[in-house]
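Please read the following report alongside the sequence and the three-dimensional view shown here.

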Amino acid sequence: MTARLMQGDEACAEGAVAAGCRFFAGYPITPATEIAEVLSRRLPQVGGKFIQMEDELASIAAVIGASVGGAKAMTATSGPGFSLMQENIGYAAMTEVPCVIVDVQRLGPSTGRPTSPSQGDVMQARWGTHGDHPIIALSPSSVRETFDLTVQAFNFAERYRTPVILLMDELIGHMRERIELPDPETLDLEQRSDTRVPPEWYKPFENFPEGPNVNVPPLVPFGEGYRYHLTGLHHDERGYPTNRPDEVQPWLERIFRKIESSLSDILLYEANGVDNADILVIAYGGAARAARHAVERGRERGRRVGFLRLKTIWPFPEEVVEYAASRLHHVVVAELNRGQLALEVERVVGRHKVRRVTRADGEMIRPGQIVAAIEDLERAV
């Protein structure tokens with residue numbers, strides 16, 4: 001391992017290269033620009049391609065095209081650019097094109113405060129593009145974890161043939177920590193599935209029978225002799241538009257099944273002291289750093305506090321949260337917005353159990369705010 005003082009955005013870029021990313025298209029935007037800056041130097045060194053596009057709409061379109069051409073591809077942006085990408089994220093979901101979209105969140109809406117931390121894009125990551133579709137979104141809480149989850153994002157994208165969102169925030173993107181990067185040869189990287197059927201038999205959207213490991217048909221890159229169609233319209237197994245419910249419904253069931261049947265692989269989290277707790281604190285991303293400190297302070301004062309840090313926020317880990325909170329009186333959800341993920345926690349465990357600790361003014365949640373909420377709830381137990 002190599003020890004380095006590294007910024008979160010830099011760790012994201014290095015994680016992408018280590019994961020096999022060989023194409024990046026993007027447009028400069030604070031606080032994600034450093035990702036593009038690093039990749040503009042690193043990708044040519046490993047035989048990859050970097051291109052600065054005219055805007056974010058073109059960036060995600062170029063990434064989809066590169067992926068269809070066989071390259072592991074990524075873009076990076078922040079809130080305003082993420083909004084512009086939503087239509088093509090939906091296209092990638094419809095065509096099942098693997099790609100990684102990094103959103104280094106900043107305070108919004110609109111231009112907001114470009115250098116202030118926020119977690120205001122949580123619901124947009126899940127529901128920003130229209131229609132029914134699954135999505136995977138990961139949220140790192142440290143610089144090293146940013147490297148690791150970037151690699152994981154590419155693995156998930158390839159394994160499940162889906163767009164994956166790395167939902168960072170400005171705090172993690174711009175902070176620097178001493179980290180040790182693993183030797184690239186030690187990483188377990190997912191490669192694109194191959195097909196052995198002749199071109200005339202190939203179905204890029206084949207709806208396999210229900211069962212394990214049969215939900216993701218291989219995607220053969222364009223230019224390799226396999227003729228098929230990619231469209232944002234609902235399509236049959238060969239990719240050509242259809243209005244037939246008996247062709248649309250099996251596709252819809254399969255794209256959800258390939259995610260829902262793999263939750264044990266996709267749902268990443270850290271649980272600490274949950275089984276012996278009276279109060280549970282849930283957090284993710286940059287806010288989890290303050291939450292961890294608050295939990296430690298509470299325990300030092302003899303309070304029975306558990307900590308659940310979510311690395312995967314979409315799909316929402318319903319059963320994990322339900323189990324952790326099942327016998328507890330109260331759950332504290334700390335996040336840098338007005339309570340977006342708290343809505344999901346409330347849906348699972350009930351509103352009466354949940355205490356929100358939020359900030360949406362561009363400043364970090366302080367550990368003392370969470371400690372105060374814990375002490376207040378303890379008096380109510």
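Predicted model: local features only at pLDDT ≥ 70, side-chain atom pairs only at ≥ 80, totals over all residues.

## Helix α1

Helix α1 comprises 12 residues, 8-19.

Of the 12 residues of α1, 11 are buried, so the helix is largely enclosed by the rest of the structure. The buried residues of α1 are Gly-8, Asp-9, Ala-11, Cys-12, Ala-13, Glu-14, Gly-15, Ala-16, Val-17, Ala-18 and Ala-19, a list that takes in the acidic side chains of Asp-9 and Glu-14. After α1 comes Gly-20, which has a positive phi, near 105°.

## Packing of α1 against α6

Helix α6, which covers residues 143-160, packs with α1 at an angle of about 35°, and the two axes are 8 Å apart. The crossing in which α1 passes α6 is right-handed. On the α1 side the contact is formed by Gly-8, Ala-11, Cys-12, Glu-14, Gly-15, Ala-16, Ala-18 and Ala-19, while α6 contributes Val-143, Thr-146, Phe-147, Thr-150, Val-151 and Phe-154. Sorted by class, the residues in this contact of α1 with α6 are nine nonpolar, four polar and one charged.

Several of these α1 residues, including Ala-11, Cys-12 and Glu-14, are also on the list of buried positions in the helix.

## Packing of α3 against α4

A second pair is formed by helix α3 (residues 56-68) and helix α4 (residues 79-95), which pack at an angle of about 30° with their axes 8 Å apart. Because angles under 35 degrees count as roughly parallel, α3 is roughly parallel to α4. The crossing of α3 past α4 is right-handed.

In α3, the residues that meet α4 are Glu-56, Leu-57, Ser-59, Ile-60, Ala-61 and Ile-64, and their counterparts in α4 are Gly-81, Leu-84, Met-85, Asn-88, Tyr-91 and Ala-92. By class, the contact of α3 with α4 holds eight nonpolar, three polar and one charged residues.

## Leu-263

Leu-263 belongs to helix α9, which runs over residues 263-266. With a relative accessible area of 33%, Leu-263 is partly exposed, because that class lies between the limits of under 20% for buried and over 50% for exposed.

Along the chain, Leu-263 and Phe-154 are 109 residues apart, and their C-alpha atoms are separated by 17 Å. Phe-154 is one of the α6 residues in the contact with α1.

Conventions:
Residues numbered from 1 in each chain as written. Heavy atoms only, no water. Helix = DSSP H or I, 4+ residues; strand = E, 2+ residues; numbered from the N terminus. Buried < 20%, exposed > 50% of the residue type's maximum accessible area, 1.4 Å probe, protein only. Expected span 1.5 Å × (residues − 1). Axes fitted to C-alpha atoms, helices over the stretch in contact; angles between N-to-C directions. Parallel < 35°, antiparallel > 145°, perpendicular 65-115°, else oblique. Left-handed = near helix turned anticlockwise from the far one by under 90°. Contact = heavy atoms within 4.5 Å. Nonpolar A, V, L, I, M, F, W, Y, C, P; charged D, E, K, R; others polar.
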